[in-house]
Amino acid sequence: MKTKYEILVSMLDDLCKEAPAEYKRYHPTNKDEVPEARGLAYIHLLLKIRFGLRSFGDREAFITDGANDGGIDAYYISHASHTIYFIQSKFRNTEQNFDGGKNISIEELASMHICEILAPKKTDQIEFNDKIKKMQKSCLR
């Protein structure tokens, strides 16, 4: 019988297969790239299950993970409830870390630049990536 972790990893690998070929970070070419691909797929899983985003493209639009992401790995805006969900994700690469109850630290959550993103000041020196800028525009509508 498969463990919970093995089932999760299998689901994440299937989500990676949904990615079009041009999304190379979802298609690892060596074992060192697998954790990043699974980490991104972990966010896809949340967006798919929690928010009902069925297509890869719909989910990918909300993933901001990368350089200059302000500490936000993904987001989702519910216009119906007027709620913005900020997602900080840490995928545990081993079954021991997964079952060991390692949580995201308060320091990691506190490092999210939410105030600077939602209420940027002209004096802010942070240059956010294009997906964060897109989110900012969506929030200001």
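Okay, contact first: when I say contact, I mean heavy atoms within 4.5 Å. With that settled, here is N129: leaving aside its neighbours within four places in sequence, N129 is in contact with T64, G66, A67, N68 and D69.

Before I go on, some housekeeping. This is a predicted model, where local features need pLDDT of at least 70 and side-chain atom pairs count only at pLDDT 80 or more, while totals for chains, interfaces and linings use all residues. Residues are numbered from 1 along each chain as its sequence is written, and side-chain values use heavy atoms, with hydrogens and water left out.

So, the overall picture. The protein chain has seven helices and two strands; these are DSSP runs, H or I of at least four residues for helices and E of at least two for strands, numbered from the N terminus. Reading from the N terminus, the order is α-α-α-β-β-α-α-α-α. On dimensions, the C-alpha atoms fill a box of roughly 55 × 30 × 30 Å along the principal axes. A compact globule of 141 residues would have a radius of gyration near 14 Å, and the protein chain has 16 Å, which agrees. That radius is taken over C-alpha atoms, and the globule rule is 2.2 Å times the number of residues to the power 0.38.

Now the surface. The accessible surface of the protein chain is about 9,100 Å², and 54% of it belongs to carbon and sulfur atoms. Those areas are Shrake-Rupley with a 1.4 Å probe, and for residues only the protein chains shown count as cover. Buried residues make up 34% of the 141, where buried means under 20% relative accessible area, exposed means over 50%, and partly exposed is in between, with a 1.4 Å probe and protein chains only. Among contacts between residues at least 6 apart in sequence, 54% join residues at least 24 apart.

Back to N129. Where does N129 lie? In the loop between α6 (114-118) and α7 (130-139). N129 is buried, at 16% relative accessible area. Its side chain reaches the backbone oxygen of A67 at 3.1 Å.

Next, D73, in the loop between α3 (56-60) and β1 (74-78). D73 is buried but has no salt bridge, and the nearest side chain of opposite charge, K90, is 5.0 Å away. For charges, Lys and Arg count as positive, Asp and Glu as negative, and His and the chain ends are not counted. A salt bridge here is a side-chain nitrogen of Lys or Arg within 4 Å of a carboxyl oxygen of Asp or Glu. What D73 does have is the backbone nitrogen of S89, 2.8 Å from a polar atom of its side chain. Leaving aside neighbours within four places in sequence, the contacts of D73 include I43, F62, T64 and I87.

A quick stop at N30, in the loop between α1 (4-18) and α2 (34-51). N30 is partly exposed, at 36% relative accessible area, and its side chain reaches the backbone nitrogen of D32 at 2.9 Å.

Last topic, salt bridges. How many salt bridges does a search of the whole structure find? Seven. One is D14 with K17, the closest N and O atoms being 3.8 Å apart. D14 and K17 are three residues apart in helix α1, so about one helical turn separates them. D14 is partly exposed at 42%, whereas K17 is exposed at 64%.

Then E18 and K48 meet at 3.4 Å, N to O. That pair links distant parts of the chain: E18 is in helix α1, K48 in helix α2, 30 residues apart. E18 is partly exposed at 34%, and K48 is partly exposed at 23%.

And E127 with K133 comes in at 2.4 Å, N to O. E127 is exposed at 51%, while K133 is partly exposed at 30%. Finally, salt bridges that share partners join E18, K48 and R59 into one network.

Definitions and conventions:
Polar contact = N/O pair within 3.5 Å; in protein donor to acceptor, adjacent residues only side chain to side chain.
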